[in-house]
Every structure is written in C-alpha cells, then in structure tokens.
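I opened a notebook for this chain and wrote down each thing I looked up. The entries follow in the order I made them.

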Amino acid sequence: VDNDQVSQELRLASATGGSFDYVAGLFYFKTKTDEVYRRDVTRCNGTLATLPNGLTPCAAPRPDNGVATYGADLESWAVFGEATLNFSDRFRGILGARYTNDDLSYYHGRVSTGGALDLPGVRATRGRVTGSNTETGTSGRAGLQFDLNDAAMAYATYSRGYKGPAYGAFFNMQAFDDIAIAPEESDSYELGLKSTLLDNRLRLNLAVFDIRFDGYQANIADLVGGVVVTRLINAGEVSSKGAEADFEARLTSAFTLSGALAYTDAKVETFRCPPGNAGCLTLNGARLPFAPEWKAVLGANYKTAVGAMQLDIGADWTYQDDTQMQLQIAPDTIQPAYDVINASIALSDPDGKWRLSLLGRNLADQSYATNILNGPNTQRGVPRDDRRYFGVNLRWNF
C-alpha cells in the first residue's frame, strides 16, 4: 500500500469580546492511494491413499493466485464560516456553514491464474476499470446559548452533516461495485447544560440528542465466491438518539471522583439491500453495530505528596451493554455485556519531569472482543486488555 496526502487550511478570525465574533476559512485536501493485493489458493487434483493417522495426502497440488491492482484519488476543497452573535452578556446565537466539493476517482484490475473459474477467494481475471465522481455538499449548524448564571450555560443546536462519496475498491471488486457510494447526510438536534458548581468543585454536563442519517455509509459482510468479504454500501436511513451525563467532583484537595453515563437508541430505520446480494435480509429496526444501549464509566483518583515526590493512586471501572458488531443480524456477532476494572499507583516529580507507574489492567480478567466478523469461520478480534495483565511504565520528559 502506498499513500500520499496533503492538506492545508487557512483561517481568518476576528477579535473576541465584541457583539459579533466570526471565523472564516478555506480548506484543501488531496490524497492518493495505490495498492497491490495477492491471494493464493492451493487445490488438490486427486488424492493418495489415506495414511494410518487418518490424513489423506494430496496427489498433485495445484496452486492458483489472483493479483489485484487498484487505487483511489480524492481532491476536496471547502469554504466555511461561523459567526457568534452576542445579543447580550448572557445570550448568544451561533450560525455557521460549510460548502464542500469532492472530486473522486478510482481504478481496478485483477489477473487470476484460475481463468474464468470463481475459485474460493480468487475471482476471475478482470480488465482495468476506471471511474470518477464529483459531489458537492453543504453542512453547518445553528444554535443558541444562554448563561443561566456565572456557573451554568444551557444550549440548543441544530447541525447538518455531510460525508463525501466513496468507492469500495478492493480485491474482489465487481461490476456493481463500480458505482460510487453516494454522500451521507445527517440532521442532528441537541439540548444540553454545561455547569461548574459548588465553587468549582463539581463539573456537571448533561445532553440529549437526536440524529438522523440518510445514505448511511456502512460496511457489510457479503459472500463472494465462497469467501466472506467486506463491502461498502449506502445502507439507507438510520437514527441515533439518547442522553449523556458526565461529572467530575473534587471531594477533597487530594481526592477526585469522575464518571459518565450514556444511553443510546441507535437503529436502522430503512435498509436498502446492496446490488448483487441475493441473501440480503431486511434490517429495519435492527440495532446499529458498535452502539451499546448503555455505557458507563467511573473513576477515582487520589494525589498526595510523599517527601519531594507526588503519589498518585487511581482506579477506573467501565461497563458496556450487549453490542452487535455487524450491520447484519447475527447471534454469533454479539459481544455480551462486560465491565473492566483498571488500577494504577505512581510516583512522579512535582515538576512533571518523570513518572513511574505500576499498572493493573482488566483485573477481573474478563474476555471481550472489539470486533466480530461472521462467516464460514467466525473471526473475533480482541484488544490487548482481553486478559488481565500487569506492567511498569516510565515516562521521562526532556
């Protein structure tokens, strides 16, 4: 894989504190990716007599392979601006907009020794194919902010989102993949409160939100030539709504407690089956992948001086509800609910020059996956924290 990219942003911002604050700018981004991918399959042309151990040797192994060469080129530019209207010392309005132009192109070709046969994992030879697409999109936000007092601010915002087009260029790319994935657009509404209470000893933030996506860009697993592949599609209309709360409380000068709780109802409203997928199921009402209904975090930290050094003792607990890992409904791609407990104790230089920590991760030794892919053989991806472990960490600033 070879990738080159360049980006540049220019901004002009006004002085703050007046009745009208603004920022305006230009953005440019260009990226080019080229990839060569080879896949090998070995088959048997006949077998020998079965061995005493029960294995049957291959008489004449026949190796086949496919080599695909593909890439994509994107050039994007945008002009944007946002203004804050200070109606009074306590009441403000926000209005911003962004115009984006995306020019996207791709190429793809594949040479396979299997000829016209669709070998497992190796598709037939495909001549070089190219394509391009240009899309424009407008995004932005509008909102109001009101200071209830010197320590609390309430807000309401509406945001319009835009994600540009895409090509699903990959080894098994076929004719129906030559059509560009359309842009994704979203409408988001949010109400919230941000506050600092009890003489700055408690920070409390609350928010409720409702987001609707049209042309939702998502990866789905598809069976191509006996092999599970991942395809990028416009999956249809989806929604995500819920509420969030987070806090940080300084109970004493040395002891701090923090946490967050989130409820999310993320589901498919209208699902569009991709072309060429005969086994597609209607997923209306299904939960979105990687979107647990409940998620919580709780942490505690104690700091005190020990001679000329600082002692820092910390612990945190995270909880995540049942999580579907694929857009398709599959019982074996659900990660059951789990929680993880971490702890650490550290000594450090008060000036921040060095820090020595003893770490304990996943103390309850709970196994969990961060991704599960369904297919003939279910693939389960796990993080380093999938098992309990301990470690030492040394940081030195110079």
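These entries go from the whole chain to single residues.

**Ground rules**

I am working with a predicted model, in which local features need pLDDT of at least 70 and side-chain atom pairs count only at pLDDT 80 or more, while totals for chains, interfaces and linings use all residues. Residues are numbered from 1 along each chain as its sequence is written, and side-chain values use heavy atoms, with hydrogens and water left out.

**Whole chain**

I looked up the secondary structure and found zero helices and 21 strands. Helices (H or I, at least four residues) and strands (E, at least two) are DSSP runs, numbered from the N terminus.

I then checked how spread out the chain is. Its radius of gyration is 27 Å, well over the 21 Å that the globule rule gives for 398 residues, so the chain is more spread out than a compact globule. The radius is taken over C-alpha atoms, and the rule is 2.2 Å times the number of residues to the power 0.38. Along the principal axes, the C-alpha trace spans about 80 × 55 × 45 Å.

I noted an accessible surface of about 22,300 Å², with 57% of it belonging to carbon and sulfur atoms. Accessible areas come from the Shrake-Rupley method with a 1.4 Å probe; for residues, only the protein chains shown count as cover. Of the 398 residues, 34% count as buried. Buried means under 20% relative accessible area, exposed means over 50%, and partly exposed lies in between (1.4 Å probe, protein chains only).

I also looked at contacts, meaning heavy atoms within 4.5 Å. Among those with a separation of 6 or more, 61% are between residues 24 or more positions apart.

I looked up how β1 (residues 2-13) pairs with β2 (residues 20-44): the two run antiparallel and are joined by twelve bridges. Two strands pair if DSSP finds at least two bridges between them. E9 stands opposite F27 in β2. The two strands form a hairpin with six residues between them, and G17 in the turn has a positive phi of about 100°.

**The loop between β7 and β8**

Most residues other than glycine have a negative phi, and I went looking for exceptions. L198 has a positive phi of about 50° although it is not a glycine. L198 is in the loop between β7 (184-197) and β8 (202-214), and it is exposed at 61% relative accessibility. D199 is in that loop too, with a positive phi near 55°. D199 is exposed, at a relative accessible area of 69%.

**Salt bridges**

How many salt bridges does a search of the whole structure find? I got 18. A salt bridge is a side-chain nitrogen of Lys or Arg within 4 Å of a carboxyl oxygen of Asp or Glu.

I started with D40 and R38, whose closest N and O atoms are 2.9 Å apart. R38 is exposed, with a relative accessible area of 52%.

Next I took R203 and D246, which meet in a salt bridge of 2.6 Å, N to O. R203 lies in β8 and D246 in β11 (residues 236-250), so the pair ties together parts that are 43 residues apart in sequence. R203 is partly exposed at 31%, and D246 is partly exposed at 27%.

Then I looked at D214 and R272, a salt bridge with its closest N and O atoms 3.4 Å apart. This pair links distant parts of the chain, with D214 in β8 and R272 in the loop between β12 (255-271) and β13 (294-306), 58 residues apart. D214 is partly exposed at 36%, as is R272 at 37%. Salt bridges that share partners also join R43, R62 and D64 into one network.

**T264**

Leaving out residues up to four places away in sequence, T264 touches F209, S240, K241, G242, R287, P292 and E293.

**A nonpolar patch**

Last, I looked up a nonpolar surface patch of about 650 Å², made by Y302, I313, I345, L356, L358, V392 and L394. The elements giving two or more residues to the patch are β18 (354-361) and β21 (389-396). Patches are made of residues with over 30% relative accessible area and no salt bridge; like charges are joined within 9 Å, and nonpolar side chains (Val, Leu, Ile, Met, Phe, Trp, Tyr) within 5 Å. V392 is found in β21 and is exposed, at a relative accessible area of 63%.
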